[in-house]
Structure formats: C-alpha cells, structure tokens
Amino acid sequence: MAQLICRNVAVGYGSKVVLHNIDFEVHAGNYICIAGENGSGKTTLMKTILGLQKPLKGEIHLGDGLHANEIGYLPQQTVLQKDFPASVLEIVLSGFQGTCGIRPFYTRKEKKRAQKALQEVGMDRFSRNCYRELSGGQQQRVLLARALCATKKMMVLDEPVSGLDPKASADMYRTIYRLNRQYGITILMISHDLDLTKRYATHILRVGVPSIHAVKTGGEL
Ligand SMILES: Nc1ncnc2c1ncn2[C@@H]1O[C@H](COP(=O)(O)OP(=O)(O)OP(=O)(O)O)[C@@H](O)[C@H]1O
C-alpha cells in the first residue's frame, strides 16, 4: 500500500498553474529524487504534498498508516534561518512540535531522541552550541536531525546540500542514504545533483516535463 498518492495533481498559486498532470505513488522505503530546472515548481509541489498549500486540481492521499504530522521536513534554508539565535539542541527539539501539541516543554524521552538524532548526523558534540555559529554544512546536518525527530517514516528534503562543498554534499547524501537503508525512512528529496542522487535514489521524478511520473532508477549501490 502506498504512503503517498498524487492523482492528476496541479499545483500553483491562485490562477497560476506551476505544474500539472502530476501522477505518482510513493511506497515505504522508497528514495525519490525530485529533479527539474530552477523555477520549475519542485518546492511548490513539496509544499502541496506537505499540506502547506492546497492542490489546484487532483487529489493527494496519505496511506499505509502515515499521518501528515509524521512527515519530517527540511525546508530550503533562507538567510534569516541561518541566523536563528537558538542552541543546536533547541532547533532539533523543535522537530517534535508537530506531535507534542501546545505543551510548553519537551519530555525526557524527546530530549534523548534529539540527542540520538544528532548522533545519527554526527553533530552530537555540538548540541549546546549556538546554531548561527555553525558552518553551512553543520547547519544542514542539524536540520536533518530536526527532520528526523519529526518522523520515523518519511522525510521531505528541499535541497539539503544547497551551498555545501562537494565533500560536505557527499557526506550529507551518504547520511541520508544510511537513514533510508537502516531505518527504512522514505526519502523525498529535491536535488540538482543528478549524478550523485542516481546512485542512491530508487526513483527520479522529473518535473517541468509534459507528463510527470516517477521513473525507476537502477536503485541501490
Ligand atoms: N508564493 C508564491 N506566489 C506566487 N508564485 C510563486 C510563489 N512561490 C513561488 N512562485 C513561483 O512558482 C514557480 C515555481 O517556484 P518553485 O519555488 O516551486 O520552483 P523550484 O523548482 O523549487 O525552483 P528552485 O530550483 O529555484 O528552488 C516560480 O515561477 C516562482 O516564481
């Protein structure tokens, strides 16, 4: 059974259709790479999948026991977010906000899980550091840990390596792949680096072409 189904979906803003004829399914453990030119609508599609905006047409369904608040999201970083005055641990803990409701504190279990998530991305030594004093690559790892706190099932990652040097990008891709393989977390990721993602992705979803559907790749390494 599919975790996510998009049927004849169109996305956009008001009367402006950015993408249409989007038809695909995502199953548990898939690693989907969303590729396409700048401005082709990848982020808009992601936000629509996450329920942050409504599809202009068609239907998006979650299935296989997946609920909207169980999807971890790593948004495209803005300059403002890079300067966020909080500790690394606070940023990671904020990943629980979708599930913990309006409770004004985090439980001991959540704090433990946040530390474990930082360990998973190799950033546990930095938990007390100030987020804005980290390098771009370190910040992206912290945001990955935050997304990991929000989910055990599916992560939606919007250009997680943007602005990183080739080595930091390769490290980040390897970490994401390990989370996919080790924990079976479904990955839905926007990336411009097709060579690298082809090595890891099970499917590539090319947007900005007349009909949009996921194409199976060679898959695993
Ligand atoms: N809030 C908005 N209101 C109206 N139009 C928007 C809005 N956000 C984005 N757009 C437009 O929608 C189109 C798709 O933008 P989107 O950010 O989804 O593209 P993208 O494929 O993610 O691009 P990139 O690779 O550069 O991140 C663009 O033409 C953009 O100008």
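View 1. Leu 93 is buried, since 24 other C-beta atoms lie within 10 Å (a residue is buried with 20 or more other C-beta atoms within 10 Å of its own, exposed with 12 or fewer, and partly exposed in between, C-beta atoms being placed from the backbone). Leu 93 belongs to helix 3, residues 88-93, where helices (H or I, at least four residues) and strands (E, at least two) are DSSP runs numbered from the N terminus. Apart from neighbours within four places in sequence, Leu 93 is in contact with Tyr 106, Glu 110, Lys 111 and Ala 114, a contact being a pair of residues whose C-beta atoms, placed from the backbone, lie within 7 Å. The C-alpha atoms of Leu 93 and Gly 65, which are 28 residues apart along the chain, are separated by 24 Å. This is a predicted model, in which local features need pLDDT of at least 70 and side-chain atom pairs count only at pLDDT 80 or more, while totals for chains, interfaces and linings use all residues. Residues are numbered from 1 along each chain as its sequence is written.

**View 2. The crossing of helix 5 and helix 6.** The axes of helix 5 (residues 108-120) and helix 6 (residues 136-149) come within 9 Å and cross at roughly 135°; axes are lines fitted to C-alpha atoms, for helices over the stretch in contact, with angles from 0 to 180 degrees between N-to-C directions. The two helices, helix 5 and helix 6, are therefore oblique to each other (under 35 degrees counts as roughly parallel, over 145 as roughly antiparallel, 65 to 115 as roughly perpendicular, and the rest as oblique). Helix 5 contributes Arg 113, Ala 114, Ala 117, Leu 118 and Glu 120 to the contact, and helix 6 contributes Ala 145, Leu 148 and Cys 149.

**View 3. Two loop residues with positive phi.** Most residues other than glycine have a negative phi. Asp 64, in the loop between strand 4 (57-62) and strand 5 (71-74), has a positive phi near 55°, and this residue counts as partly exposed, with 15 C-beta neighbours inside 10 Å. Glu 159, in the loop between strand 6 (154-158) and helix 7 (166-183), has a positive phi near 45°; Glu 159 is buried, with 20 other C-beta atoms within 10 Å.

Methods: Two residues are in contact if their C-beta atoms, placed from the backbone, lie within 7 Å.
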